[in-house]
Amino acid sequence: MKRSSHFAVANIIGTVIAIVLLLLLFIFPGHYLQKMTQELDATAEDTTEAVLSGDWQRARRDTLAMRERFDRSKQPIKLFLNHEDIDELEAHIYSAVLLAQVEEGANLLDNVEHIRNAVAYLEGIETFNIFNLF
C-alpha cells in the first residue's frame, strides 16, 4: 500500500509560508522604523539649528514637517511598538509645533531634545541582533 505525499507537500508549503512571514516580521518593521527615525532626527536637528540661529520661520516649517512625517507613520508603527511610547513621541512633536508658533526657544529646544531621545529609544528597542536574541 502506497502512502499519499499530500501531507508532505502541505507541510513544506506551510513551512515556507511561515519562514517568509517571520522574515517579513523581522525585516520590515526595522527598516520602516529606521527610515522614520532618521527623518525625524534630521528634522529635529534642523529645528535646533533654526532656533539657535533665530530663524523662527524655518523652525515652524521644520516642526510642521516633523508632525506630517510622524502622522504618516503613526498607525503602521503602532502595529509593532508600544502604544505608550508612540503617544509620548506624538505629544512631544505636537508640543514642538505649538512652541515654534509662539517662538518659545528654550522650551522648544528642550522638547526637540526629548523628541531626539524618544526616537533614539524607539530605534534601539527595535534593533535585532544576536545579543537581543539571547
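A: A salt bridge here is a side-chain nitrogen of Lys or Arg within 4 Å of a carboxyl oxygen of Asp or Glu. This is a predicted model, in which local features need pLDDT of at least 70, side-chain atom pairs count only at pLDDT 80 or more, and totals for chains, interfaces and linings use all residues. Residues are numbered from 1 along each chain as its sequence is written, and side-chain values use heavy atoms, with hydrogens and water left out.

Searching the whole structure turns up eight salt bridges. Among them is the pair Glu90 and Lys74, with N to O at 2.8 Å. Glu90 belongs to helix H3 (residues 83–101) and Lys74 to helix H2 (residues 56–78), so this bridge ties together parts 16 residues apart in sequence. Helices (H or I, at least four residues) and strands (E, at least two) are DSSP runs, numbered from the N terminus. Both Glu90 and Lys74 are buried. Buried means under 20% relative accessible area, exposed means over 50%, and partly exposed lies in between (1.4 Å probe, protein chains only).

Within it, the side chains of Arg116 and Asp41 meet at 2.8 Å, N to O. Arg116 lies in helix H4 (residues 105–126), and Asp41 lies in helix H1 (residues 6–53), so the pair links parts that are 75 residues apart in sequence. Arg116 is partly exposed, at 22% relative accessible area. Asp41 is partly exposed too, at 27%.

Another salt bridge joins the side chains of Glu49 and Arg58, at 3.6 Å from N to O. Glu49 is partly exposed, with 40% relative accessibility. Arg58 is also partly exposed, at 23%.

Now the confidence. The pLDDT is the predictor's confidence in each residue, from 0 to 100. The protein chain averages 86, and 90% of the residues score at least 70. Helix H3, which holds Glu90, has the highest mean, 93. Confidence is lowest in helix H5 (residues 130–133), at a mean of 56. Where pLDDT is low, the predicted coordinates should not be read in detail.

One backbone detail is left. Glu103 sits in the loop between H3 and H4. Its phi is positive, about 55°, although Glu103 is not a glycine. Most residues other than glycine have a negative phi. Glu103 is partly exposed, at 42% relative accessibility.
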